[in-house]
Each structure stands twice: as structure tokens, then as C-alpha cells.
Amino acid sequence: MLNRLGEFASTVIAWLFGLIWALPLLYAIWAAVHPSAFATRFDLLAPLTLQNFGRAWAAAPFARYFLNTALLVLGVMAAQFVICTLAAFGLARWKFFGSGVLFALILVQLMVTPDVLIMENYRTLQKLGLIDTLTGVGLPYVASAFGIFLLRQSFKSIPKELDDAARMEGASTLQTIRRVYLPLARPVYVAYGLVSVSYHWNNFLWPLIVTNSVETRPLTVGLQVFASVDQGIDWSVICAAALMTSAPLMIAFLLFQRAFIQSFLRAGIR
Amino acid sequence: MNILTRLTIAATLAVTALGASDASATDITFYYPIAVGGPITKVVDDYVAEFSKTHPDITVKPVYTGSYQDSIVKAMTAAKAGNAPDVAVLLSTDMFTLIDDELIEPYDAIAKSESDQAWIKSFYPAFMENSQADGHTWGIPFQRSTIVQYWNKDAFKAAGLDPEKPPANWDEMVAFGKKLTKRDASGAVTQWGLEIPSSGFPYWLFQALTTQNGAILANQDGTKVAYNDPKVVEALQFFADLSQKHEVMPKGVIDWGTTPKDFFEGKTAMMWTTTGNLTNVRSNAKFAFGVAALPSKVRGGSPTGGGNIYIFKSGDKARQAAALEFARFLSTPERAADWGIATGYVATRPDAWQTDAMKKYVSGFASAAVARDQLKEAVAELSTHDNQRVTKALNDALQAVLTGVKPAKPALDEAQAEATRILARYQP
């Protein structure tokens, strides 16, 4: 009896926290589907409208921005997977002179916020002629210290015997990575992929600085047209725009919820 | 000759040919921020299209650069990497920062003809205060504003006040505010008398109070500030008293972005905000409202605000000449009038108000001229060398006092000490 009561209480508390966490999202939905006169007034009978979405969509070339953002996050993620996998494998399995120092240097990069490097990165890209290109937006992020660190740790935990067995069968290094390491580290890839995609989906300052044209700018830069500081804020349109631009991520998360949560638990990122 | 060599030669020739055809046209880049709502990027694109029609030899690439904050970061990053925009609209208060980093060219160095000289003199002097330093003109006013007061005429009527008479001085403002502040049975306020926003850049609104109290916060060269002048302390005490003693304004920090919304929804009967908000208030207020110059204490007055057009150093004569041409195009009387009507900013020169479009606009909407008339009493917006840090010292003091953490005098003494320390290296 007491046990069931405890269970009931913890369910109620979990729901309560869930509700508090979801409030901003619920508010955004409320504001987005009502005329702006009702944005901060709760009235169940308020008229519903989709006009806010129409106004938000028309305020910037969002179709193009969606394409740019999708290309950017997928491109960055693919490049990160390749580079981080190879680097992590080298650091986890090969002993070579200075590997410890090298790994420490990579870890140092974790302590530096990317915003500090804006100036230097811009100069480098300028020399490479990559200003105002999607490659330029993504390039500084492809050798991700976080990704290397995460994959190295999970590769280290894979039993060496499996590696040896694959070698005995005559597999090359790349084949071993593909057949042994990749499948075993799958949850880590899913978890890291999610972190990477959501980071680059939301990244704003760097893309704004390094791009100049509609063809290269991501969604977040398009969203900025609603932050009209001299004029106050129209919550309805902002909420509609925010929902619209985050919808693909939210839908994807809901669809793959189970896989994501399991990956996070196994990968140990919270 | 193998294929590779042939390809290389072909490519080199092609590049040379392209380069040659490019030389006849001048390409310039134009950075602009957006600080008001509406389809502003489209208005700017239209200006650029119009410009290219009359100037086929110049190609302008307009680049929208986000908020003012983002714009200065982007412009400075690009400029320091040798990829500066040719023309940029940035805050007038960024002038000293841009001068100190040697990023901008003074107009008097490129605009030498007689008509150019006359053009520089054609703007309202109040706007030029934030555009000139050390004997040079560094910026040309583009989207400039002042602070004005808006009042809800219906609420004035309901409180037994004359709906056509806004408060003319501080005492009236407090007295009106007390009548306008309404409480329900439990004592909770349903309508405040007044809101003066204090989030983000509280120094700007506070500067209106110090101006009215007869204080000037910084010198023209941007090397000295007077944060703990007794008149400034008195102004800050009054700012805090509005909520803490007179209880006509909400306590704590009032958000800039939502103040207009509070006004539309009747949560406050009066508000102080930029004239840039005029178009917004006009289209959203469901009641009769009025716009007036700010109330006075020993004098009236408001700081100016907003963005100037700067020309960046590029070391290329042709591009600078093209940049000047574009800056002149953006600031003709007709365009200044058009931009003012589209956004609510104050058209930057007296002759813009003589254009037919502007005359028609003002005759249908007299409030549009209030900010212009207030320019007589306007002062330069607080701007110094190392502007961000020097104004931050004041902002921190203001918010500490408004939230009741510190009393006015010690908070401002501290801000003054901090600002003096930062400005020490700029002393002559």
C-alpha cells in the first residue's frame, strides 16, 4: 500500500516537473495560434488563426534558409563522424610518440569557447577564400574535440579481443573500424549526432558573421529579423517563427525518442 | 603541351578576362542592421535597386547584419581580417570605437567638392553631435531617434484628467501617475501610471532624466564622464522614487521590449520609448493616444539615438568614391522622408520635412513631428572611447539602484571610478 502511494507521488511529481519544463513550449503554441491581442491574455474562446505563421514565413526567405541549415548540419555531422572516428581510433588503439600530449592538446580545445576564436577563424577562412560559403560556416567545427574525446573513451571500452579476432580473419584497419568499432559504438554516434545537429541548428553568431548572402545563411539568421529592439516585441509572430524553425528537430526527436533516450543512457551524456 | 598545362593557361586567360570586365564596375558592400519591425529588408533592397538604375557603374551588395550588437561585431571582425564593408549603418555611439581601431574614414577626407561640403552641413545639428569628433565628420545620420512620451487619452479621461494635456514637468508626471495608477480590491495594481524601461540599455532613458535635470553625462571628445555629478544622483534618485516612493511605476527592471505591449493592453497609461515605435503604436493601440516631448525639470530634453552611415577604410579610391555616392543617395531629402515614414525614425534633415510625401504624412498624423520639434532640446547620446565598458559601468549602477540593491550616491560613485579607470589611457 505504502509502496503504491510512493509510486503515485513520484508519478505526480514527474508530471509536475514535466509540465513546468513544457510551459515555454505550450506558451509558444498558444501565442502562435492566436491573434497578437491574445498573446498575453488567457481566454479559451480566443479566435484561432494561422496568420502568424503566414507573416513569419513571409518575413524572410525561409525555404532557402531551411535548405541551407539542413545542408549545414548534415554536412558538419558527416564530416565530424569521419574525422572524429579516425582520430579517436588512433588515440585509443595506437601507441605512438606524443600521443598523450596530443590528446591533452585536443582536450584543451574543449575549454575554449568558439566565440573567442571568431576573429582568427575569420582570417583563416578569408585566406582560404571560404567567406560566405556553407563550407566556411561548417569548417571550424568538423574537428570536434568533444567528438574525439567521446569516441576515444567508448573505443577504449571495446574489448581488444574483438579487434584481434577481426585481424585474425584478415580484416584491414579500416575494415576493423567499420565492422567492429562502429556497430559497438552506435549509441555514442546517435547521441553525439543529436548534440551536434541541435548545436549547429541553433548556432547564430558565427554563421551571421561569416555569411553575406541568402544562399548561405541559416535559419537562425533569418529569425533575427523579428528581434526588432527599437520597436518592442510581437510575441505571436516570434513564437510562430520559432515553432516553425524548430519543428523539424522536434518532430525528428519525437519519432526517434526511444532510440535517443537509450543512446544517451548508454553513452553517458546527460 | 599536355592537357594540364593547356587547362591552366585557359583558366588563367579566363580569369584575366573576367578581371578586366570587372574593372569597369565598382563593387561595394553595404552592411545594415534592423531595429524595427516590418519588411525592412525589402525597403533596403528597393533602395539598392533604385541606386543601381541611376548608377550602372556601381554594384551595391546589401547585407543584413542582425541587431546593432551583431552588426558591430560582424563589421569589426570583417574589417580586421581585411574584408571590411564599404558602407555600414552602425550605432552613432560606436564612433569612438571605430576611430580608435582606425577602421573608418572621415567624410571630410573624401567628400571634398562644394556640394559634398554642403551635404555634410544639411543635417540637424543635434544628430551631428554624435557624428563629429576631433574636428572631423565620421558619420552621417541615417536612422535616428529621440525619446518621447506616449499617453493613453482614454485612461486620462477615466482618471479625471484632461486627455489633451500630457505632463509638462516631473511634478505633474508624479501627480498624474498617482491618479492613473489603479488598484483592485486586494491592492494589486491593474494599471500603472507610467513605465520607463530599464532593461538592456537603461543609460539611454536615464540620460533623458539627467538632461532634464541639467546634467551632461560625457564631454564631446568622449574622454570624460560625469556619472556622480549631484544632478545625476538626483535624477537617479527620482528614477528610483517613481517606483519605490511614489509607486506610480512597476518596481525593479522594466523590460524595454514589452513596454509597448503593456501600453497597448492598458497595463500602463504612459510610457517613454523611442519615436522609432510610432508606426508600431499607431497600428496596435486600440484607443486614442497622444505623443509629446518629454516633461521637463530645469529644462526639457532627450538624448538622440540610433544609427549613422559610416564609410570604412578600404585603401581603394574608386570604392570609397562609390561608397560616398551611395551614402549621399541614402540621405537625400526624399529618401530621408521615405525612410522616416516607413520606420518611424526622425527624418534626418530639415528639407526632408518640406517634401510632398512628408507634408502629407504629417498633416494626417501630427504626432510624427513631435520628435523633430524636440530636437531643439536634444543632446548627444552618451558615447565615449571604449564605449561598451564605460556605459556598462553606468548600466550596472542604474539596475542596482532600481532593484533596490544600492542607494544612488555610492552606486554612481563606483560607476564613476570604474569609468575613470577605463578612460585613463585616453586622456590627452
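This is a predicted model: local features need pLDDT of at least 70, side-chain atom pairs count only at pLDDT 80 or more; totals for chains, interfaces and linings use all residues.
Just after helix H3 of chain B, B:Gly82 takes a positive phi of about 80°.

Let's look at H3(B) itself. The helix covers residues 68-80, and its 13 residues reach 18 Å from the first C-alpha to the last, close to the 18 Å expected at 1.5 Å a residue. Much of interest here is on the inside: B:Tyr68, B:Ser71, B:Ile72, B:Lys74, B:Ala75, B:Met76, B:Thr77, B:Ala78 and B:Ala79 are buried. These buried residues have partners in both chains. In chain B they pack against strand S1 (26-32), strand S3 (87-91) and strand S11 (304-311), and in chain A against helix H5 (118-128) and helix H11 (205-210).

Now widen the view to the whole meeting of the chains. Here 28 residues of chain B are in contact with 23 residues of chain A. On the chain B side, strand S2 (58-64), helix H3 (68-80) and helix H12 (259-264) each supply at least two residues. H3(B) gives the largest share of that side, with five residues. If you sort the residues of chain B that touch chain A by class, you find eight nonpolar, 14 polar and six charged.

Setting aside neighbours within four places in sequence, A:Leu205 is in contact with A:Asp115 and with B:Asp70. How exposed is A:Leu205? It has 18 C-beta neighbours inside 10 Å, and therefore counts as partly exposed; a residue needs 20 or more to be called buried. For a sense of scale, A:Leu205 and A:Arg179 are 26 residues apart in sequence, and their C-alpha atoms are 39 Å apart in space.

Another helix of chain A, H10(A), runs over residues 186-202. Within H10(A), the buried residues are A:Val188, A:Tyr189, A:Ala191, A:Tyr192, A:Leu194, A:Ser196, A:Val197 and A:His200.

Staying in chain A, find A:Ala145 in helix H7, which covers residues 145-156. A:Ala145 counts as partly exposed because it has 18 C-beta neighbours inside 10 Å. Not counting residues up to four places away in sequence, A:Ala145 touches A:Ile106, A:Leu107, A:Gln109 and A:Leu110. From A:Ala145 to A:Trp235 there are 90 residues in sequence and 38 Å in space, C-alpha to C-alpha.

Next come the helix pairs. Two packed helices are described by the angle between their axes and the distance between the axes. In chain A, helix H2 (residues 51-58) and helix H13 (residues 235-255) pack at an angle of about 75°, with axes 8 Å apart. The angle makes H2(A) roughly perpendicular to H13(A), because angles from 65 to 115 degrees fall in that class. From H2(A), A:Asn52, A:Phe53, A:Arg55, A:Ala56 and A:Trp57 meet A:Ser236, A:Val237, A:Ala240, A:Ala241 and A:Met244 of H13(A). That contact is made up of seven nonpolar, two polar and one charged residue.

Back in chain B, helix H10 (residues 202-212) packs on helix H11 (residues 230-244) at an angle of about 120°, and their axes are 9 Å apart. This angle makes H10(B) oblique to H11(B). The crossing is right-handed. H10(B) contributes B:Phe206, B:Leu209 and B:Thr210, while H11(B) contributes B:Lys231, B:Val232, B:Ala235, B:Leu236, B:Phe238 and B:Phe239. By class, this contact has seven nonpolar, one polar and one charged residue.

H11(B) has a further partner to follow, helix H18 (residues 387-402) of chain B; the two axes come within 9 Å and cross at roughly 40°. H11(B) is thus oblique to H18(B), and passes H18(B) in a right-handed crossing. Here B:Leu236, B:Phe239 and B:Ala240 of H11(B) meet B:Leu398, B:Val401 and B:Leu402 of H18(B). The contact has six nonpolar residues, with no polar and no charged ones. Notice that B:Leu236 and B:Phe239 take part in the contact with H10(B) and also in the one with H18(B).

Notes. Residues are numbered from 1 along each chain as its sequence is written. Chains are lettered from A and ligands numbered from 1 in the order in which they are written. Axes are lines fitted to C-alpha atoms, for helices over the stretch in contact, and angles run from 0 to 180 degrees between N-to-C directions. Helices (H or I, at least four residues) and strands (E, at least two) are DSSP runs, numbered from the N terminus. Angles under 35 degrees count as roughly parallel, over 145 as roughly antiparallel, 65 to 115 as roughly perpendicular and the rest as oblique. A crossing is left-handed if the near helix is turned anticlockwise from the far one by less than a right angle, and right-handed if clockwise. Two residues are in contact if their C-beta atoms, placed from the backbone, lie within 7 Å. Ala, Val, Leu, Ile, Met, Phe, Trp, Tyr, Cys and Pro count as nonpolar, Asp, Glu, Lys and Arg as charged, and the others, Gly among them, as polar. The expected span of a helix is 1.5 Å times one less than its number of residues. A residue is buried if 20 or more other C-beta atoms lie within 10 Å of its own, exposed if 12 or fewer, and partly exposed in between; C-beta atoms are placed from the backbone.
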